[in-house]
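Here are a few notes to read alongside the coordinates.

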Amino acid sequence: MPLRYRTVLIEAALIAAAALDTFVNMWSDAPVSIALGVVACVVLPLRHRFPRTVFALTLPAALLEAALVAPFVALYVLSTRVRDRRWLAGCAVLFAIASAAPSPFDTEATSASDTLVYLAYGLATAAVPVLLGQLVLTRRELSRRIEEIEEAKEHERVLHAQAILAQERAQLAREMHDVVSHQVSLIAVQAGALQVASGEAATREAARTIRTLSVGTLEELRTMVTLLRASGATELSPQPTLADLRTLVGASGIEAKLIGEPAPTVGTPGQRAIYRTVQEALTNVRKHAPGAAATVELWHSGPHTGVTITNTRPPRPALPLPGAGQGLVGLHERACLLNGALESGPTEDGGYRVHMTLPLT
């Protein structure tokens, strides 16, 4: 059955029940009594919009004609809308007094004891719609609260997804800088060297074109890295390990050697941090110290382990290559996240030194 028709049937049934109750309990044929009974029945459909007014208009029918259905329904609806229990208690007392007080049209005298009994009965009767109404109100508020909690959970899920996306963006930015920049800068350096060393004009022009394209690629990469790192998140997913260091040093394109051994208990995040530090340092040697030799030393001492990359003084000036400015900053962040430290700076002989220290866990 459609909701509209069901609502109409319920309203018609309540009005019919209120009219029957008023007719059965009618004490007299006085016009005012009949009018108040009719008013109590007619105003019932308005109880949801004007609960207080409807309750007030049904009380005279309970006083004059002992009608209970109309004020009972009005008090119930009022209890589903009002949270102030003291105010509801006052309405329940009024309902009990109206139903227990002798009707002005009743010719028979009522004793005080009977009046008290009627009052107790009226209070018990009034408590039923009040308790039912408060139960419905509480259930409604709980349902609303559950909906709010579900909305908050959904919002939290969205924020969590955004946080994961930000972490992935930051990781992608770091990987782009560590890996792509490593390879493209090597291409640019080799092309620059070929451009200087070659005696053929066509070869020099091709090398110049390759170097120009490589420099442009590094510029685009720098812009993308800046955008992707905007979230500021950091992710240390274990990918490279110390087993890959020898291959990295051998393919660095410069004169470099790997010495020493790390602690055997270095964790996966620590291994990746050491790997990225060596990769970034060798990339910087190629870019900013052409012709320099580098030494990669793995070490461990007591509760600490780490790596030190030192390069000699470059024999010739560096080619102008763009830089993202994020390499050493990212390495410092990695070390700090692992409760370690990163130091970098020039050496006394004109070279450069990068020193990372990590605690053993």
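Which residue forms a salt bridge with Glu 141, and how far apart are the closest N and O atoms? The first point below takes this up, and please keep in mind throughout that this is a predicted model.

1. The partner is Arg 83, with the closest N and O atoms of the pair 2.7 Å apart.

2. Searching the whole structure gives 5 salt bridges. One of them joins the side chains of Asp 84 and Arg 86, at 3.9 Å from N to O. The cut-off is 4 Å, so this pair still counts as a salt bridge. Asp 84 is partly exposed, with 37% relative accessible area, whereas Arg 86 is exposed at 73%.

3. Another salt bridge pairs Glu 148 with Arg 145, at 3.3 Å from N to O. Both residues are in helix α6, 3 residues apart, which is about one turn of the helix. Glu 148 is partly exposed, its relative accessible area being 40%.

4. Helix α4 (residues 69-79) packs against helix α5 (residues 85-100) at an angle of about 175°, and their axes are 11 Å apart. Angles over 145 degrees count as roughly antiparallel, so α4 is roughly antiparallel to α5. The residues of this contact comprise 9 nonpolar, 1 polar and no charged. On the α4 side they are Pro 71, Phe 72, Leu 75, Leu 78 and Ser 79, which meet Trp 87, Leu 88, Cys 91, Ala 92 and Phe 95 of α5.

5. Where does Leu 119 lie? Its place is in helix α6, and it counts as partly exposed, with 28% relative accessibility. Leaving aside residues up to four places away in sequence, Leu 119 touches Ala 96, Ile 97 and Ala 100. The C-alpha atoms of Leu 119 and Ile 97 are separated by 6.2 Å, although the two residues are 22 residues apart along the chain.

6. The largest nonpolar core holds 22 residues, and the members that touch the most others are Leu 245, Val 278, Val 296, Val 307 and Ile 309. Two or more residues each come from α8 (245-250), α9 (268-288), β2 (294-301), β3 (304-311), α10 (327-337) and β5 (352-359). Helix α9 contributes the most, namely 6 residues. Apart from this core lies another one, of 16 residues, including Leu 59, Leu 75, Cys 91 and Ala 126.

7. Residues up to four places away in sequence aside, Ile 309 touches Thr 277, Val 278, Ala 281, Leu 282, Thr 295, Val 296, Tyr 352, Arg 353 and Val 354.

8. Finally, the overall numbers. The protein chain has 10 helices and 5 strands, and 37% of its 361 residues count as buried. Among contacts with a separation of 6 or more, 73% are between residues 24 or more positions apart.

Notes:
Residues numbered from 1 in each chain as written. Predicted model: local features only at pLDDT ≥ 70, side-chain atom pairs only at ≥ 80, totals over all residues. Heavy atoms only, no water. Core = buried A, V, L, I, M, F, W, Y, C linked by side-chain atoms within 4.5 Å. Buried < 20%, exposed > 50% of the residue type's maximum accessible area, 1.4 Å probe, protein only. Helix = DSSP H or I, 4+ residues; strand = E, 2+ residues; numbered from the N terminus. Contact = heavy atoms within 4.5 Å. Axes fitted to C-alpha atoms, helices over the stretch in contact; angles between N-to-C directions. Parallel < 35°, antiparallel > 145°, perpendicular 65-115°, else oblique. Nonpolar A, V, L, I, M, F, W, Y, C, P; charged D, E, K, R; others polar.
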